[in-house]
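Please look at the structure first, then read the points below.

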Amino acid sequence: MFGFLKSKNGAHERPVDAQGRHAVIDIRRVAKVYKMGDIEVHALRGVDVQIYEGDFISIMGPSGSGKSTLMNILGCLDQPSQGEYYLDGENVSKLSEGDLARVRNKKIGFVFQSFNLLKRTSALRQVELPLIYGGAGGRAKRAAAALESVGLGNRLDHLPSELSGGQQQRVAIARALVNEPAMILADEPTGNLDSRSGSEVMQIFQRLNREQGITVVFVTHDPWIARHTRRIIMLRDGLVIADREIAHPLVAGEAERPSEADEMETLFKETYYGGKKDEYN
Ligand SMILES: Nc1ncnc2c1ncn2[C@@H]1O[C@H](COP(=O)(O)OP(=O)(O)OP(=O)(O)O)[C@@H](O)[C@H]1O
Ligand SMILES: [Mg+2]
């Protein structure tokens, strides 16, 4: 439907979905090859994905299927070996390291599974860091506001070792948010958390998405977490094998978590098979 749109001056036209939303992320035939001596690992083998403003997406797939590789490319932490990446309509697939870092700092908040906080640095200071790199003013106030928005207004001076896992992840989310990015990318943000802290993190993502229209994309292995998002993209062996809307996303903190087996079954019915079980084996 979208084809490869080029306007007269050669700029890329952003695809628009049925609801009139523009693509924030538009990747075309993206491949990633890691070279290790004589051996090549084909981590992504031609991935096309469009993600629209205000979307809320989970990326799933077996270990080694290319999820982190894809997230690192989407987050401008790494570049594709082949293919194009248009971020807000700008081709970022061939930018220099420095330009890539600038795009990342301005547009993207990244959250990691292992929090990636500095050990001897207070929560407030951690959240100020992106503002320091960006040369922004009013840093302490903005950082404190970001921490308040994730429920940590009373933990500003705490070190990571003085915070629970869930709280540490919320500091990382505040750090991702403080530059007011259009998009938050998170690689297994609930992977190291118990289910209650995971649910708190989901509530924050859902609120950011609903109230501020922030586009959220994250990787998860957990079907229950995935069902809180609006769309699931499934990878296998470096390719997208399914891409489905979730008709009725769960609201974090409201529904009771069912047994894992039931959950798997529901997810597979909704997304993997999409009602046509024969498509997949
Ligand atoms: N820096 C690297 N150098 C070489 N090979 C890599 C590198 N990073 C990832 N790979 C390989 O690329 C493939 C995809 O890895 P990736 O980390 O994207 O998988 P994943 O889907 O995130 O897996 P997991 O669920 O275990 O996190 C794997 O076969 C992996 O071994
Ligand atoms: Mg990974």
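In this predicted model, an open sheet is built from 4 strands in the order β2-β1-β4-β5, with antiparallel pairing. The edge positions belong to β2 (39-52) and β5 (90-91), and each has a single partner strand, so one side of each is left without a neighbour in the sheet.

**The β4-β5 pair**
- Strand β4 covers residues 82-87 and runs antiparallel to β5, to which 2 bridges join it.
- One residue to look at here is L87, whose bridge partner in β5 is E90.

**Overall make-up and size**
- The protein contains 8 helices and 10 strands.
- Its radius of gyration is 19 Å, close to the 19 Å that the globule rule gives for 281 residues, so the protein is as compact as a globular protein of that length.
- The C-alpha trace spans about 55 × 50 × 45 Å along the principal axes of the protein.

**Burial and contacts**
- Of the 281 residues, 38% count as buried.
- Among contacts between residues at least 6 apart in sequence, 67% join residues at least 24 apart.

**Confidence**
- The protein has a mean pLDDT of 89, and 92% of its residues reach 70 or more.
- Residues 1-10 have a pLDDT below 50, and this stretch has 5 contacts in the model beyond near neighbours in sequence.

Conventions. Residues numbered from 1 in each chain as written. Chains lettered and ligands numbered in written order. Predicted model: local features only at pLDDT ≥ 70, side-chain atom pairs only at ≥ 80, totals over all residues. Pairing = 2+ DSSP bridges. pLDDT = per-residue confidence, 0-100. Contact = placed C-beta atoms within 7 Å. Rg over C-alpha atoms; globule rule 2.2 N^0.38 Å. Buried ≥ 20, exposed ≤ 12 C-beta atoms within 10 Å, placed from the backbone.
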